[in-house]
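Here's a quick briefing to read alongside the structure. Take a look at the fold, then go through the notes below.

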Amino acid sequence: MRRLSLPLLACLAVLCVPARARAAPAPPVAGLDAAQARQALAVLRDPRQRAALEATLEAILHAAPAKAALAKAAPAPAPAPAP
């Protein structure tokens with residue numbers, strides 16, 4: 001599932017851009033080939049796979065604030081002693 005996340009996020013980003021902004025043919029998304037695009041569309045069209053993707057994105061969304069809070073709470077590493 002993790003292998004699908006990056007290409008799917010790229011596809012979602014492309015789909016979220018307004019149509020008038022996409023008037024000109026867009027160059028291929030870096031790192032996303034035709035097979036990956038087909039796979040992403042298959043996930044988006046399958047309700048079960050789409051739900052799994054939504055759950056993954058929700059988990060990422062909820063983990064990000066916790067990770068940021070942990071980073072703030074962790075003390076800064078002590079500087080190395082001078083030689």
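What does the accessible surface of the protein chain come to, and what percentage of it belongs to carbon and sulfur atoms? The accessible surface is about 6,800 Å², with 68% of that belonging to carbon and sulfur atoms. Keep in mind that this is a predicted model, so a word on confidence comes before the details.

- Mean pLDDT for the protein chain is 75, and 45% of the residues make it to 70 or more.
- Among the chain's elements, H2 has the highest mean pLDDT, at 92, while helix H1 (residues 2-16) has the lowest, at 64.

**The overall fold**
- The protein chain has 3 helices and 0 strands.
- Going along the sequence, you get the pattern α-α-α.
- The chain has 83 residues, and 13% of them count as buried.

**Helix H2 up close**
- H2 covers residues 34-45, which makes 12 residues.
- From first C-alpha to last, H2 reaches 16 Å, close to the 16 Å expected at 1.5 Å a residue.

- Which residues of H2 are buried? They are Ala40, Val43 and Leu44.
- Those three cover an arc of only 95° around the axis, which puts them on the same side of H2.
- As a reminder, an α-helix has 3.6 residues a turn, so residues three or four places apart point the same way.
- On the face of H2 turned away from the buried side, you'll find the exposed residues Arg38 and Arg45.

**A closer look at Ala40**
- Ala40 sits in helix H2.
- Why does Ala40 count as buried? Its relative accessibility is 1%, and the cut-off for buried is under 20%.
- Ala40 and Arg50 are 10 residues apart in sequence, and their C-alpha atoms are 9.6 Å apart in space.

Methods: Residues numbered from 1 in each chain as written. Predicted model: local features only at pLDDT ≥ 70, side-chain atom pairs only at ≥ 80, totals over all residues. Heavy atoms only, no water. Helix = DSSP H or I, 4+ residues; strand = E, 2+ residues; numbered from the N terminus. Expected span 1.5 Å × (residues − 1). Buried < 20%, exposed > 50% of the residue type's maximum accessible area, 1.4 Å probe, protein only. Arc of directions from axis to C-beta. Areas by Shrake-Rupley, 256 points an atom, 1.4 Å probe, with all protein chains shown as cover. pLDDT = per-residue confidence, 0-100.
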